[in-house]
Structures are given as structure tokens and as C-alpha cells.
Amino acid sequence: MPDSARPSRRTVLAATASLTGALAVQGAGTAPAAAAAPHGDRRLRALVSRMTLEEKVGQLFVMRVYGHSATDPDQADIDANLKEIGVRTAAELIAKYRVGGIIYFTWAHNTRDPQQIAGLSNGIQRASLAQPRGLPVLVATDQEHGAVCRIGAPATLFPGAMAIGAGGSTADARALGRLSGAELRAMGVNQDYSPDADVNVNPANPVIGVRSFGADPDAVARLVAAEVKGYQDARVAATAKHFPGHGDTAVDSHYGFPVITHSRAVWETLDAVPFRAAIRAGIDSVMTAHIQFPALDDSGDPATLSHPVVTGILRGELGYDGVVITDSLGMDGVRTKYGDDRVPVLALKAGVDQLLNPPSLDIAWNAVLAAVRGGELTEARLDASILRILRLKSRLGLLDDPYATRSGVARTVGTRQHRAAADRIAERTTTLLADDGRLLPLSRRTHRTILVVGADPASPSGTTGPPTGVLAAALGALGFTTTALATGTAPAAADIDRAVAAAGDADAVVAATYNVTAGSGQQKLVDRLAATGKPVIAVAIRNPYDVAQLPSATACLATYSWTDVELRAAARVIAGRTRPRGRLPVPVQRADDPTRVLYPIGHGLRY
């Protein structure tokens, strides 16, 4: 963000003058507002009354846009915007559609570095406030940490949800929300699509898994509520997802239409528990799931489009009156039954407020506009959603000052104190699942030379890894002599042979595993390495379920994700610099009989 882009106090006041002036005039003589809505509903309703129908429709949408700058993106990003949205820049997107929110993605080139992100956020806010009756924008992203993380280093990266579940500390969950939220807010990101409130009871779940805090609904509920409070401490809107619960599916709703077969009674005691806790904690927004849940609505519609689920249960039975946002409308789970022109209209009829990232904004925006003009939706229905959105913007302070500053980024994002806090939290999460020969902690006197092999999955944020290199470097810094040899997530026979040959010069082998299945190349790799007689320490860098497929390993640890902070913590545990303190937040079933539990919730060895 260039110095000239930094908004001065005078710029802030000028940009918000018409907005705050309208609030003051329309709200003159009113009583002090409640904490939940600093500007008061009367004043916010006055803003709604001044909006055109087209502006109201725009406020309901949260949209992607390519580019690192709101006004001067790279040519490739201009071309992508023209192709997908029909505009060149974020500023043009706002001027044409008056969208109420923008979502940042790494792949859209929105998140190069903290100062650039702040500059982009400021450019978006300036573009919106410059419009007639302009309003500040909710700038959002998926900063879950762990496996899903849009903003990478030098911002602080924390352990993911299942790792926090293994640590079991509500204080750590709240600290994560507070510190991560402070960094997001400093970069102008004011809404985070986190925490994940799903209870992951299906080991085969391809889309949630380690994004969940675990399989115990009460434990998940405590950690969800704590993280929500942390984000609130930082004045960032937290989002509980994916209602009514996406934790028991073997289908990824990005690519299919999952069906949850839980009974209503099971839903009440399992899936609903964390969402109730989030609502009690004052959750700012709830994201719906593109899943079919027959026990809650037998129409065959996805929950996102279900009036019984959104209005009947979430708003009626659970008493939630905050912002409800869809999951991405580009996902197959919501596009299977209805066309892209019907989905946004049906979502609003179901009770949703924000429509996230439709595949074609032009089709979706015009469909909502036509539905109001044709009488299928009333303007009063839109007003109800816009009022909720404005309450959220007001509560976050965006109606007063939505801007980030260079100094705020410099003193907040990726600080030594934040990174040290992330390391301390990670040390409380690493879980020692098996150590039959009591090999650990590894002694430099007897096992000085270590070969690190295994999987190097892509970094969630594009700024960490590769895992084998990070593990080798961390162990090297702790006094071991290390060699890294990447063998991939599906090692071929030649890869395995090369690793076995390299193991001949090592005293021990560390194998990073990633979603091991029976008969897979990763399983064969560990078996062949173990057959050399060298001790093999398997580090499950995603799912802890890997341990069931690796009986030949001498010891096995779980990190629950493959970002650097978790891998460094595992290295310290291996070396004995810290003790393993994590406990399984999910059960691990036996590989030969999945009906039997190999390691229960709460399992975790100590030394």
C-alpha cells in the first residue's frame, strides 16, 4: 500500500461525512443505542429507506474479485474479472453492482502481503463510500488456520481447529481468535468465515475433517464459543459454519450433494450443540451448508434453500436473529437441483441474508431484482436482511471508520509476540499416538542422523512448507544431522526404493504421512523403511486416522495439519524439547475392523 493510499484522519472524515451526517440527522433525538447496534435501529432503518432497489439487491451479495489493487490490478486479473464478472476492477464491481461484501482468496491474488492487503481493503472501502448513499463493505475471508488459510506469512499462522481440539484449551482458542482477529482487522478484513462448528464424526469426511475441533459435541461447543469471543475481542465478525452440520458426510459439497442421515434426535444432541453455543456467545454470522438433511426438511432441498431449516430452526427454534450467509453459491451442492437464477431467490425466501460468491453475479443479481419487481420477493423482505447486515457493520465500527493504516499493519501483523504465542499453542497440541518401543524422545547420542521422507502437500496459504524440508530444518536446528527426501502422497516403487537406500545412512527415519489408505504407496513406504530395522517415526500431518494404517511404525505422532507452526512443534516433541500434551479429539478405528476403536477420544501418550 503506497504512502499516498494511506487515508488520513481528514480523508476518513470526508469519506464518511455523508453517511454519518445522514445518521445524525435521521437519528436526532433518539435514545442511546444498545451495544449490539451502536447507531440504533432507527438510524439504520433511515439508511435503508434512502437506498434504491438496485442498491438493496447489491448489499445482499458478497463477491470475489481478482487483483491485488481495487483500481490498478495486473492485466491478467483484469482479464479474469472481465471474463467472470464483466468489470475490470474491484472499484468497478462496486460501482456497477453496489455489493455489500467482498471475499478474499489467495488464488484471486488478493493476499500478496499484509500492506498490500490493507491497501486493497482501503481501496474497496473508498470505492464504496464514494458512491451515492455509499456504505462500507464487509471484507471477508476464510482464515480458519491449519488446512484452510487464505492469508499466509508474514501474517501469523496458528494451528488448525482439530489441533486446537487436541490441545483442549478454551484459553488457546480464544487467544487464537483474538490475535488472528487483530491481524485481520489491521489489514482491513472485518469478517472471518471461522470457526468451523461441525462435529466431525465421519473419518471419511473429505471436506471437513481436521477443519473441525473434533467428534465430541460438547468439547467442540466450548472451543467454538471461545474462538468466537476471541474474534469479537478484536472487532472481527466470526462465522459459525456449516449449519445445520456438515460433520457426517463422505461427499464434498463442492463437487456433490451430500445427504445427512441423522435423526432429529441425533441432530439435537450432536450437530446442533456447537451452533447453540455459538449463538449464546453472540455469534456475528452463521453460514449455511449445501447439504440435504431429511430429518429437518424432507423436501430434498439443500439446507441453504430450506425455509424449515433457516427460518424454522435456526431463527425460530434456536432464536438466532443475526446475519445468515450462504456457503459459496458456486458449489455443486447448491446447484444440483436448481439453476443459478433460482438459487439466490430461493436462499432469500429461506431466510438467508448474504449471498456468497455466485458463479455469475449478473445472473444472480438480476434474478433477485426481477423477483422483487415480479412480486416473488417483497422489498420488505430485502429490508429485513439489509438491516441485519447494517447492524453488523455498525457493531464492527465500520460506519465510523472502516480503514486500515500502514502503522496498524506494522505493529500488529506477524509480530514476534504473536508468532511466539502460535508456537506455544502448537506445543500443546502435538499428540503422541503410539510409541511401542519407547523410542521417544529421540536422543542425539544414539540417533543423531535422521532421514526425513514423505508427503509434501501444497501449502494452504502458499507461504509455508514443504513439510519434509520444514521437519528436517527444525530437527537440524535442534542438533540432529538431517536429510530431506520428498516421496509424495502416492510414492511409486522407485520412490520407495530411493528412500530405503537413503535410510541405510540414517540412525532413524521420520516419515510425514498424509491421508494414508490400505495398500497405498505411503503405507508401503513406511513398511519397507521399517523392514530395514531402522526406527521409523510416522508424523500424520493431516488426519490422525493414518496411525491405524501404520502398524509397522515404531512411533506415531499427529499434528493435524502441515503448516510450519505445527511441524516445528512436532520436531520439538521428537527431540524432547517439549513433552507431547495433545489428546485425540476424535476416535481412531481399527483398520481391520472399523466397528472397533483403536484409540479413543482423549488418547495421548506422555513422557
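# Legends to close-up views of a predicted model

**View A. Aromatic pairs.** The structure holds 6 aromatic pairs, a pair being two rings of Phe, Tyr or Trp (for Trp, the six-membered ring) whose centres lie within 6.5 Å; planes under 30 degrees apart count as stacked, those over 60 degrees as edge-to-face, and the rest as tilted. The pair of Phe-105 and Trp-107 is stacked, because the ring centres are 4.5 Å apart and the planes meet at 20 degrees. Phe-105 is buried, with a relative accessibility of 7%, whereas Trp-107 is partly exposed at 43%. In these legends, buried means a relative accessible area under 20%, exposed means over 50%, and partly exposed lies in between (1.4 Å probe, protein chains only). Phe-105 and Trp-107 belong with Tyr-66 to one aromatic cluster. This is a predicted model, in which local features need a pLDDT of at least 70 and side-chain atom pairs count only at pLDDT 80 or more, while totals for chains, interfaces and linings use all residues. Residues are numbered from 1 along each chain as its sequence is written, and side-chain values use heavy atoms, with hydrogens and water left out.

**View B. An edge-to-face pair is formed by Phe-243 and Trp-267.** The ring centres of Phe-243 and Trp-267 lie 6.2 Å apart, with 85 degrees between the planes. Phe-243 belongs to strand E7 (residues 237–243) and Trp-267 to helix H11 (residues 264–269), so the pair ties together parts that are 24 residues apart in sequence. Helices (H or I, at least four residues) and strands (E, at least two residues) are DSSP runs numbered from the N terminus. Both partners are covered by the protein: Phe-243 is buried at a relative accessible area of 1%, and Trp-267 is buried at 0%. Strand E7 also holds His-242, and the peptide bond leading from Lys-241 to His-242 is cis, with omega near 5 degrees.

**View C. Salt bridges.** The model contains 33 salt bridges, each being a side-chain nitrogen of Lys or Arg within 4 Å of a carboxyl oxygen of Asp or Glu. In one of them, Arg-528 meets Asp-497, with the closest N and O atoms 3.2 Å apart. Arg-528 lies in helix H22 (residues 521–531) and Asp-497 in helix H21 (residues 493–503), so this pair ties together parts that are 31 residues apart in sequence. Arg-528 is partly exposed at 37% relative accessibility, and Asp-497 is partly exposed at 41%. Elsewhere, salt bridges with shared partners join Asp-41, Arg-315, Asp-321, Asp-353, Arg-388 and Arg-391 into one network.

**View D. Two further salt bridges.** The side chains of Glu-268 and Arg-276 form a salt bridge of 2.7 Å from N to O. Glu-268 is partly exposed at 27% relative accessibility, and Arg-276 is partly exposed at 28%. A salt bridge also links Asp-142 with Arg-150, where the closest N and O atoms are 3.5 Å apart. Here Asp-142 is buried, with a relative accessible area of 9%, but Arg-150 is partly exposed at 22%.

**View E. Arg-444, Arg-445, Arg-448 and Arg-577 make up a positive surface patch.** Such a patch is built from residues with over 30% relative accessible area and no salt bridge, like charges being joined within 9 Å and nonpolar side chains (Val, Leu, Ile, Met, Phe, Trp, Tyr) within 5 Å. Arg-445 sits in the loop between strand E11 (431–435) and strand E12 (449–454). Its relative accessible area is 81%, so Arg-445 counts as exposed.

View F. The peptide bond from Ala-153 to Pro-154 is cis, with omega near 15 degrees. Pro-154 is placed in the loop between strand E5 (148–149) and helix H8 (161–167). His-145, although not a glycine, has a positive phi of about 75 degrees; His-145 is part of strand E4 (residues 143–145) and is buried at 2% relative accessibility. Arg-133 also has a positive phi, near 55 degrees, and belongs to the loop between helix H7 (114–129) and strand E3 (138–141). Arg-133 is partly exposed at 32% relative accessibility. Pro-544 lies in the loop between strand E15 (536–540) and strand E16 (555–558), where Pro-544 is buried at a relative accessible area of 0%. The C-alpha atoms of Pro-544 and Arg-572 are separated by 19 Å, the two residues being 28 residues apart along the chain.

Note on methods. Areas by Shrake-Rupley, 256 points an atom, 1.4 Å probe, with all protein chains shown as cover. Lys, Arg positive; Asp, Glu negative; His and termini not counted. Charge placed at Lys NZ, Arg CZ, Asp CG, Glu CD.
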